[in-house]
Amino acid sequence: MRRAPLFTVLRSAGFTLIEVMVTVAIVGILAAIALPNYSEFVTRGKLMDAHTKLADLNGKMVTYWSNNNSYVSTGTTCGVTALGVIAAYNADVGAPFDVSCTGTAATYTITATGRASKGMGSFVLTVDQAGVKSSAGPSGWTSSTCWFVRKNGDCS
């Protein structure tokens, strides 16, 4: 019977340190690229929630005007506030934005203000009776005369 040389018997079947280090480096590079992109994707999704709410409220204000010939219900309360639409939006604890409305009989401004607890603090989006939109965001985000969806101020 022939015996195997001693050095082959003692050799273990595993990974070398270099192989493990290369694998960790590759995973680190992929994570460094993927995580910031994913984070911006999530932020853009939350911004779309604000866009949807503002557009919906803007339409409801136009309808309120056509039915009442005024944008306010009592005093300086926007008509949609009196209808409870804004309260319903703000009651959603998972929502990334709080919505408010101010106005007079002939004008209104609807504002969506980001909730810091949802990672959207410093974001403010508005629309008025003339359909003029504006956006402001945290440092690194370009303010815009539209509802932006990206850091560079691109509009929806």
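Against which elements do the buried residues of α2 pack? The buried residues of helix α2 pack against α3, α4, β1, β2 and β3. This tour visits that helix, the sheet beside it and the disulfides.

**Before starting**

The structure is a predicted model, in which local features need pLDDT of at least 70 and side-chain atom pairs count only at pLDDT 80 or more, while totals for chains, interfaces and linings use all residues. Residues are numbered from 1 along each chain as its sequence is written, and side-chain values use heavy atoms, with hydrogens and water left out.

**Stop 1: helix α2**

Select residues 17-68, which form helix α2. Helices (H or I, at least four residues) and strands (E, at least two) are DSSP runs, numbered from the N terminus. The expected span of a helix is 1.5 Å times one less than its number of residues. For the 52 residues of α2 that gives 76 Å, and the end C-alpha atoms of α2 are 76 Å apart, which agrees.

Next, colour the buried residues of α2: Thr 43, Leu 47, Ala 50, His 51, Lys 53, Leu 54, Leu 57, Asn 58, Met 61 and Tyr 64. Buried means under 20% relative accessible area, exposed over 50%, and partly exposed in between (1.4 Å probe, protein chains only). An α-helix has 3.6 residues a turn, so residues three or four places apart point the same way.

Now select Lys 53. Is Lys 53 buried or exposed? Lys 53 counts as buried because its relative accessibility is 8%. Leaving aside residues up to four places away in sequence, Lys 53 touches Tyr 89, Ala 95, Phe 97 and Val 99; contact means heavy atoms within 4.5 Å. Just after α2, select Asn 69, which takes a positive phi of about 55°.

**Stop 2: the nonpolar core**

A nonpolar core is a set of buried Ala, Val, Leu, Ile, Met, Phe, Trp, Tyr and Cys residues joined through side-chain atoms within 4.5 Å. The largest one has 24 residues, and those with the most contacts inside it are Leu 47, Leu 57, Met 61, Phe 97 and Ile 110. At least two residues of this core come from each of α2, α4 (85-91), β1 (97-103), β2 (108-114) and β3 (124-128). The largest share, five residues, is supplied by α2.

Centre the view on Met 61. Not counting residues up to four places away in sequence, Met 61 touches Tyr 71, Cys 78, Gly 79, Val 80, Cys 101, Tyr 108 and Ile 110.

**Stop 3: the sheet**

Show the strands: four of them form an open sheet in the order β1-β2-β3-β4, with antiparallel pairing. Two strands pair if DSSP finds at least two bridges between them. Because β1 and β4 (133-136) stand at the edges, each with a single partner strand, one side of each is left without a neighbour in the sheet. From one strand to the next, the twist averages 15°. Helix α2 packs on the sheet, touching β1, β2 and β3, and its direction makes about 160° with that of β2. Axes are lines fitted to C-alpha atoms, for helices over the stretch in contact, and angles run from 0 to 180 degrees between N-to-C directions.

Follow the sheet strand by strand:

- Seven bridges join β1 to β2, and a hairpin connects these strands through four residues. Asp 98 stands opposite Thr 113 in β2.
- Five bridges join β2 to β3, where Thr 113 stands opposite Val 124.
- Four bridges join β3 to β4, and the bridge partner of Val 127 is Lys 133 in β4.

Why is β2 largely enclosed by the rest of the structure? Five of the seven residues of β2 are buried.

**Stop 4: the disulfides**

The structure holds two disulfides. A disulfide is a covalent bond between the sulfur atoms of two cysteines; here it is assigned to a pair of cysteine sulfur atoms within 2.5 Å.

Select Cys 78 and Cys 101, whose sulfur atoms are 1.9 Å apart. This pair links distant parts of the chain, 23 residues apart: Cys 78 lies in the loop between α2 and α3 (79-82), and Cys 101 in strand β1. The link is left-handed, with -75° about the S-S bond. Cys 78 is buried at a relative accessible area of 0%, and Cys 101 is buried at 12%.

Finally, select Cys 146 and Cys 155, with sulfur atoms 1.5 Å apart. The torsion about their S-S bond is about -65°, so this disulfide is left-handed. Cys 146 counts as buried at 10% relative accessibility, whereas Cys 155 counts as partly exposed at 41%.
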